[in-house]
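The sequence and the structure are shown first.

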Amino acid sequence: MRPEIEHHVYFAVFGFEHDPMQITLEAGIEPDDIWREGESFSPTLPEARRRENRWILSSMLDQGASHRDHFERLLLKLERLGEALPGLQARYRCGIGVSRYYFMDDPGFYLPEDLLARFAALDLTLSFDQLGLDQPGDVAIVEKD
């Protein structure tokens with residue numbers, strides 16, 4: 001049975017020209033994923049290629065876990081970066097990525113103020129795009145803050 005909501009929450013450093021290993025050395029932590037420009041997205045679509053390098057930390061939780069759990073897990077990873085995080089933010093394009101796919105009515109959600117304050121303390125802002133998948137093949141952006 002498919003969950004009513006799927007979440008993907010991650011922090012990415014992107015658009016850099018050098019080997020992603022340099023980001024790993026600067027961050028002092030192994031990424032959860034690395035994209036290299038020109039790599040294939042998947043074996044099912046080998047002609048679809050990545051357009052940029054990307055270094056990614058993600059929540060690594062199951063897609064059906066709660067949104068709060070995803071954000072808290074990612075936040076713990078980001079807080080562990082310590083002074084490496086502002087250094088990465090100063091030298092590279094960085095951001096939080098959130099994809100939320102829902103298969104139900106009324107997909108509203110809230111994050112507690114203390115969690116939002118912890119992201120703000122790391123100089124990271126959050127904005128959301130929610131995609132409502134009403135029928136197979138249908139995609140509608142229903143909310144953007």
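## Packing of α2 against α4

In this predicted model, helix α2 (residues 67-80) and helix α4 (residues 113-121) have axes that come within 11 Å of each other and cross at roughly 30 degrees. Because angles under 35 degrees count as roughly parallel, α2 is roughly parallel to α4. The crossing in which α2 passes α4 is left-handed.

On the α2 side, the contact is made by R68, F71, E72, L75, L76, L78 and E79, and on the α4 side by L115, R118 and F119. By residue class, this contact of α2 with α4 comprises six nonpolar and four charged residues, with no polar ones.

## The nonpolar core

In soluble globular proteins, nonpolar side chains tend to be buried together. The largest nonpolar core of this model contains 23 residues. Within this core, the residues with the most contacts are F11, W55, L78, I96, F119 and L124.

At least two core residues come from each of β1 (5-14), α1 (21-27), β5 (54-58), α2, α3 (84-91), β6 (93-102) and α4. Helix α2 gives the most, with four residues.

## F119 and I96

Which residues does F119 contact, once its neighbours within four places in sequence are left aside? They are F71, L75, L78, I96, L124 and L126. Of these, F71, L75 and L78 also belong to the α2 side of the helix contact, in which F119 takes part from α4.

I96 is located in strand β6. Its relative accessibility is 18%, so I96 counts as buried, the limit for that class being under 20%. With residues up to four places away in sequence excluded, I96 touches Y10, F11, L74, L78, F119, L124, T125 and L126.

## L75 and R80 in helix α2

L75 lies in helix α2 and is buried, with a relative accessible area of 0%. Not counting residues up to four places away in sequence, L75 touches L115, R118, F119 and L122. Three of the residues named here, L115, R118 and F119, form the α4 side of the helix contact. The C-alpha atoms of L75 and Y10 are 9.5 Å apart, with a sequence separation of 65 residues.

Is R80 buried or exposed? R80, also placed in helix α2, has a relative accessibility of 65% and therefore counts as exposed. Between the C-alpha atoms of R80 and I29 the distance is 9.0 Å, while the two residues are 51 positions apart along the chain.

## Positive phi values in two loops

M60 has a phi near 60 degrees, a positive value in a residue other than glycine. This residue is found in the loop between β5 and α2. Its relative accessibility of 54% means that M60 counts as exposed.

D123 likewise has a positive phi, near 60 degrees, and is not glycine. The loop that holds D123 runs between α4 and β7 (129-132). With a relative accessible area of 62%, D123 is exposed.

## Overall organisation of the chain

The secondary structure amounts to four helices and eight strands. Along the sequence, these elements follow the pattern β-α-β-β-β-β-α-α-β-α-β-β.

The chain has 145 residues, of which 37% count as buried. What share of the contacts between residues at least 6 apart in sequence joins residues at least 24 apart? That share is 65%.

Conventions:
Residues are numbered from 1 along each chain as its sequence is written. This is a predicted model: local features need pLDDT of at least 70, side-chain atom pairs count only at pLDDT 80 or more; totals for chains, interfaces and linings use all residues. Side-chain values use heavy atoms; hydrogens and water are left out. Axes are lines fitted to C-alpha atoms, for helices over the stretch in contact, and angles run from 0 to 180 degrees between N-to-C directions. Angles under 35 degrees count as roughly parallel, over 145 as roughly antiparallel, 65 to 115 as roughly perpendicular and the rest as oblique. A crossing is left-handed if the near helix is turned anticlockwise from the far one by less than a right angle, and right-handed if clockwise. Contact means heavy atoms within 4.5 Å. Ala, Val, Leu, Ile, Met, Phe, Trp, Tyr, Cys and Pro count as nonpolar, Asp, Glu, Lys and Arg as charged, and the others, Gly among them, as polar. A nonpolar core is a set of buried Ala, Val, Leu, Ile, Met, Phe, Trp, Tyr and Cys residues joined through side-chain atoms within 4.5 Å. Buried means under 20% relative accessible area, exposed over 50%, partly exposed in between (1.4 Å probe, protein chains only).
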